[in-house]
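Subject: Structure for you to look at

Hello,

Here is the structure I said I would pass on. Please open it beside this email and keep the sequence at hand while you read.

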Amino acid sequence: QVQLVESGGGLVQAGGSLRLSCSASGRTFSSYAMGWFRQAPGKEREFVATISRSGGPTYYADSVKGRFTISRDNAKNTVYLQMNSLKPEETAVYYCAAGTMSDSPSGYVYWGQGTQVTVSS
């Protein structure tokens with residue numbers, strides 16, 4: 001069992017930056033690939049980024065490549081999402097998830113409760 005808690009969301013102006021964190025409980029954090037997804041009101045949950053168990057390979061949605069960076073610290077049981085040059089259309093609830101390295105929500109077993117990111121224009 002893994003419990004995930006996101007933090008770091010908030011209100012930021014367009015072009016600004018935020019760093020999301022996701023802390024995991026349990027001793028098996030390094031056994032899972034980690035992913036970030038987002039969901040805006042009335043829209044489906046959307047893949048953002050994923051990182052392998054070791055923190056080596058990463059994969060991003062085309063829409064965030066070059067602006068977002070996913071990383072993890074297995075010693076701290078934490079995964080991060082650094083978001084730069086944010087756009088208003090990226091306003092959403094951001095979720096972290098643990099599972100396999102996938103761009104589909106079905107690849108993940110455990111989910112956090114989400115953290116709100118609001119980008120003002």
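The notes below go from the whole chain to a few single residues.

This is a predicted model, in which local features need pLDDT of at least 70 and side-chain atom pairs count only at pLDDT 80 or more, while totals for chains, interfaces and linings use all residues. Residues are numbered from 1 along each chain as its sequence is written, and side-chain values use heavy atoms, with hydrogens and water left out.

The chain as a whole

The chain has 0 helices and 11 strands. Both are DSSP runs numbered from the N terminus: helices are H or I with at least four residues, strands are E with at least two. The radius of gyration is 13 Å, close to the 14 Å that the globule rule gives for 121 residues, so the chain is as compact as a globular protein of that length. That radius is taken over C-alpha atoms, and the globule rule is 2.2 Å times the number of residues to the power 0.38. Along the principal axes, the C-alpha atoms fill a box of roughly 40 × 25 × 25 Å.

Of the 121 residues, 46% are buried. Buried means under 20% relative accessible area, exposed means over 50%, and partly exposed is in between (1.4 Å probe, protein chains only). Contact means heavy atoms within 4.5 Å. Among contacts between residues at least 6 apart in sequence, 56% join residues at least 24 apart.

Thr50

Thr50 is in strand 5, which covers residues 46-51. Thr50 is buried, with a relative accessible area of 1%. Its side chain reaches the backbone oxygen of Met34 at 2.9 Å. A polar contact, also of 2.9 Å, joins the side chains of Thr50 and Tyr108. A polar contact is a pair of N or O atoms within 3.5 Å; within protein, one must be able to donate a hydrogen and the other to accept it, and residues adjacent in sequence count only if both atoms are side-chain atoms. Leaving out residues up to four places away in sequence, Thr50 touches several residues, including Gly35, Pro57, Ile70 and Met101.

The loop between strand 7 and strand 8

Asn77 has a positive phi of about 55° although it is not a glycine, and it is buried at 18% relative accessible area. Lys76 is in the loop between these strands too, but Lys76 counts as exposed, at 56% relative accessibility. The C-alpha atoms of Lys76 and Ser23 are separated by 7.9 Å, although the two are 53 residues apart along the chain.

The loop between strand 8 and strand 9

Ser85 lies in the loop between strand 8 and strand 9 (92-99). Ser85 is not a glycine either, yet has a positive phi of about 50°. With a relative accessible area of 38%, Ser85 is partly exposed.

Glu90 lies in the loop between strand 8 and strand 9 as well. Is Glu90 buried or exposed? At 3% relative accessibility, Glu90 counts as buried. A polar contact of 2.5 Å joins its side chain to that of Arg67. Not counting residues up to four places away in sequence, Glu90 touches Ser85, and also Arg38 and Val117, among others.

Regards
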